[in-house]
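Reader: I would like a close look at one part of this model, taken slowly and with its surroundings kept in view. Please start from the structure shown here.

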Amino acid sequence: MSEPGPSDWSFKREMLSALPNLRAFGVSLSGNHDKADDLVQDTIMKAWAKQDSFEPGTNMKAWLFTILRNEFYSQMRKRGREIQDSDGIFTERMSVHPAQYGSLDMRDFQTALARLPFDQREAIILVGATGLSYEEAAEVCGCAIGTIKSRVSRARTQLQTELKISGEADYGPDETSSAVLSRTAAS
Amino acid sequence: MAEDKPERKGAAVANIDPALDAVSQRLRRYYDSVKDEAIPDRFLDLLEKLDEADKAHNADDSNERRRT
C-alpha cells in the first residue's frame, strides 16, 4: 500500500482547482457546453480511478487535459467520425449550440474554432489559451514539439482567414512582440 | 478591454509564436469566459462522493486487518 502524500496536499483539492480550466478546455475542444460537461464528468471519474498514476508536483492540469482529450478522441472514433472532418458534418453539429453565448464575437470565434481539424484545434487551444508550454502540449497530444508548433501555426492562419483578421492591421503586435517577431524572422 | 491583454512575462514572450495576435487574444477571451463560469454543482457533488467512497473503503480495509 502506498504512503499517503503530505497532509497539506489533497488529490481532491488539486482536482477542484483544475476544474475551471478543465471545463474551459472541454468546451473549447468540443464546441458545446453539454458535451463538454459530460466529458468533464468522465474525466473526473477516470482520473479518480487512476490517481495513483499521478505524480504529486507534476502538472495536474496537463494530466487532466490528457485524459479529457483522449476521451474525446476515442468517443469521436467510436462514432465513426473522421478526426479530420473533411466533410464538415461534425462541424455542422458542433455549430448548432453556440447560441449559449450572448456575444456575437464569441459565437463567431467558436464556429471558426470548430471548423479547424481536431489536431490543429487542440494544439492552438493548449498553447494559446491554457497556459501550457509547447512541451507540455506535445505531451498531452502525444506528438513532437515541432508538430505542435506547425499545427498551431496552421490553425492560426486558418482562423485569421475565417475571421477575416488581417493580423497586424487590426490589433498589431506591440513593440515588444514586434521585436520578437523580427528576431524570429531573422533567425 | 485593456485587461484582456495577454500577460507578457519574460519567459512567455520568448516562447510565443510571432506576436500574440488578434487570433490569440480572441481565443483567450473565449477560453477565459468559460473558465470564469461557476463550476456546476454536479462536479462538486461527484468529487465529494468519490472522496467519501474512498474513505469508507479505506476504513473497511483497516477494520478487516484488525480482525485478522
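Is the crossing of H1(A) and H2(B) right-handed or left-handed? Please describe that helix pair, together with whatever bears on how it should be read.

Author: The crossing of H1(A) and H2(B) is right-handed, in what should be kept in mind is a predicted model. The two partners are helix H1 of chain A, residues 11–30, and helix H2 of chain B, residues 22–35; their axes lie 8 Å apart and the helices pack at an angle of about 125°. An angle of that value makes H1(A) oblique to H2(B), since angles from 65 to 115 degrees would count as roughly perpendicular and those over 145 as roughly antiparallel.

On the side of H1(A), the residues that meet the other helix are A:Pro20, A:Asn21, A:Arg23, A:Ala24, A:Phe25, A:Val27 and A:Ser28, while H2(B) contributes B:Tyr30, B:Tyr31, B:Val34 and B:Lys35. Sorted by class, this contact has seven nonpolar, two polar and two charged residues.

As to confidence, H2(B) has the highest mean pLDDT among the elements of chain B, at 93, whereas helix H1 of chain B, residues 10–15, has the lowest, at 43. Chain B as a whole averages a pLDDT of 75, and 62% of its residues score at least 70. Over residues 1–19 of chain B the pLDDT stays under 50, and for this stretch the model has 24 contacts beyond four places in sequence. Where pLDDT is low, the predicted coordinates should not be read in detail. For the model overall, the scores are ipTM 0.75 and pTM 0.73.

A pair inside chain A can be set beside this one: H2(A), residues 33–49, and H3(A), residues 60–78, pack at an angle of about 120° with their axes 9 Å apart, which makes H2(A) oblique to H3(A). The crossing of H2(A) and H3(A) is right-handed, and by class their contact has eight nonpolar, two polar and four charged residues.

Terms used:
Residues are numbered from 1 along each chain as its sequence is written. Chains are lettered from A and ligands numbered from 1 in the order in which they are written. This is a predicted model: local features need pLDDT of at least 70, side-chain atom pairs count only at pLDDT 80 or more; totals for chains, interfaces and linings use all residues. Side-chain values use heavy atoms; hydrogens and water are left out. pLDDT is the predictor's confidence in each residue, from 0 to 100. Helices (H or I, at least four residues) and strands (E, at least two) are DSSP runs, numbered from the N terminus. Contact means heavy atoms within 4.5 Å. Axes are lines fitted to C-alpha atoms, for helices over the stretch in contact, and angles run from 0 to 180 degrees between N-to-C directions. Angles under 35 degrees count as roughly parallel, over 145 as roughly antiparallel, 65 to 115 as roughly perpendicular and the rest as oblique. A crossing is left-handed if the near helix is turned anticlockwise from the far one by less than a right angle, and right-handed if clockwise. Ala, Val, Leu, Ile, Met, Phe, Trp, Tyr, Cys and Pro count as nonpolar, Asp, Glu, Lys and Arg as charged, and the others, Gly among them, as polar.
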